[in-house]
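Subject: Structure handover and findings

Dear colleague,

Please find the structure below for your use. My notes on it follow directly after it.

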Amino acid sequence: MADPKKLFIKTYGCQMNVYDSERMAEALGASGYVTTDRADEADMILLNTCHIREKAAEKVYSELGRFKPLKAANPDLKIGVAGCVAQAEGEEIMRRQPMVDLVVGPQTYHRLPAMEAAVRAGQRAVDTDFPAEDKFEHLPKAPRAKRAPAAFLTVQEGCDKFCAFCVVPYTRGAEVSRPVDRVLREARDLVDRGVREITLLGQNVNAYHGAGDGGTWGLARLIRELAKIDGLERIRFTTSHPNDMEEDLIAAHGDEPKLMPYLHLPVQSGSDKILKAMARKHTAESYIRLIERLRAARPDLLLSGDFIVGFPGETDQDFEDTMTLVRTVSYGQAYSFKYSARPGTPAAEKTPVPDDVASDRLQRLQGLLTEQQRAAQEAMVGRDVSVLFEKPGRLPGQMVGKSDYLHAVHVTDPRAEVGQIARVRIKASGPNSLAGELV
Ligand code: SAH
Ligand code: SF4
Ligand code: F3S
């Protein structure tokens, strides 16, 4: 038998791309590929790309440039671009980088086996359709290999919100929820293969409205049903929009023990004027009220968020409003970005804030967020938390896992095993992780 062909996938962007990369590897597995973590021994290189900010997209082109010598050394090497840059740029990628053989968007990767065959036959393949069929139902059957203890599961995809700065509605398409029975089937299959924690994914995951028994189910009902699966111990979901936080989902944070006390809830800005210009359709005040309701349901909820500074029209006062909101909410963890004008979005037409002003604001905001993150970590020292061990650490005998609050936790103990959920007493807080001992 011929050696299997080797596939190297590099993933950029959000967790949905991580999930998609796994599905693409499985789809190409059916065409005889095994994955490798070495680009220089690959028969196919796939970049699964992100278009959210300018830098993310530019990285793709510089990365492609780096593969030139590999292609020169191995003329049979095929290079593909997948994901959101593929969707946004399509054939343009091949014009800018003629060595690219294949371009596939986020909604057509179930067609990869046929595209791969075309590429092997010397053609170039581009597919950035938004097809009528459900890609999840048309993916080749995955080999039923054992899985790592924590997994992603896409339940909702696309976005209809059209925030003025954002490319996602254009690259991922309209909001679609997967039917309840398909989600449950995939979750049970994951648990059978060793998974103990599932993170439900969607660009607006809390807008989930899947067809289920007796009508349409929201995310809370889906979570409550998933929680009944024996062996599934932890459930998370990301990313949420403040306007889709239904009452039952707030309640679930208080009464569903398998739902973890961590919530990523982006707000982007603390200024109502900027929120309006961003077309976020919520105010700073309504966001803060929502946080209060969530904390009333689950007082130890750890909050995470996303922020954009330097959105067109942002004044010093608008930025101070963001700082005030951050102080009011107090985040356990957060992401902040300098606004990046994205072609085709409404905000891209507006006059930008000077770059040095935006950089200054970003630095100040990140300073505050880092301080809050440290404080939240420090507050864990001395506490007992539950940790799901995911993999061995770098030091001998060390195990790394995630606490219920999503902190990385290191434990050095021969009794700690991958896939185990254990009580851990936190002893120390480092820059990006905690260290503890089995209780
Ligand atoms: N669906 C998620 C966000 C997906 S994009 C949500 O609505 O919350 C992830 C984050 O990237 C956003 O929350 C935003 O903070 C940031 N982002 C999106 N577009 C951006 C842009 N044009 N410039 C800078 N940051 C951006
Ligand atoms: Fe982008 Fe807004 Fe949709 Fe989030 S809700 S994906 S920020 S358009
Ligand atoms: Fe990036 Fe696309 Fe995700 S633009 S953030 S990879 S949805």
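Leu406 takes a positive phi near 75° in the hairpin of E18 and strand E19 (residues 408–412), where four residues lie between the strands. Helices (H or I, at least four residues) and strands (E, at least two) are DSSP runs, numbered from the N terminus. E18 and E19 pair in the antiparallel sense over five bridges; two strands pair if DSSP finds at least two bridges between them. Met399 has Val411 in E19 as its bridge partner.

Please note that this is a predicted model, in which local features need pLDDT of at least 70, side-chain atom pairs count only at pLDDT 80 or more, and totals for chains, interfaces and linings use all residues. Residues are numbered from 1 along each chain as its sequence is written, chains are lettered from A and ligands numbered from 1 in the order in which they are written, and side-chain values use heavy atoms, with hydrogens and water left out.

E18 (residues 398–403) also runs antiparallel to strand E17 (residues 384–392), to which five bridges join it. Val387 stands opposite Ser403 in E18. These two strands form a hairpin with five residues between them, and Gly397 in the turn has a positive phi of about 80°. Five of the six residues of E18 are buried, that is, under 20% relative accessible area with a 1.4 Å probe and protein chains only.

Two ligand sites may be of interest to you. The residues around ligand 3 (a heavy atom within 4 Å of it) are Cys14, Asn17, Thr49, Cys50, His51, Ile52, Cys84, Arg172 and Gln203. By class, this shell has four nonpolar, four polar and one charged residues; Ala, Val, Leu, Ile, Met, Phe, Trp, Tyr, Cys and Pro count as nonpolar, Asp, Glu, Lys and Arg as charged, and the others, Gly among them, as polar. Around ligand 2, the residues include Cys159, Cys163, Cys166, His241 and Arg280, and its shell divides into seven nonpolar, two polar and two charged.

What classes of residue make up the lining of the second largest pocket? The lining has seven nonpolar, no polar and 12 charged residues. Helix H8 (180–192) is one of the elements that give two or more residues to this lining, and its five residues are the largest share.

Kind regards

Terms used
Buried < 20%, exposed > 50% of the residue type's maximum accessible area, 1.4 Å probe, protein only.
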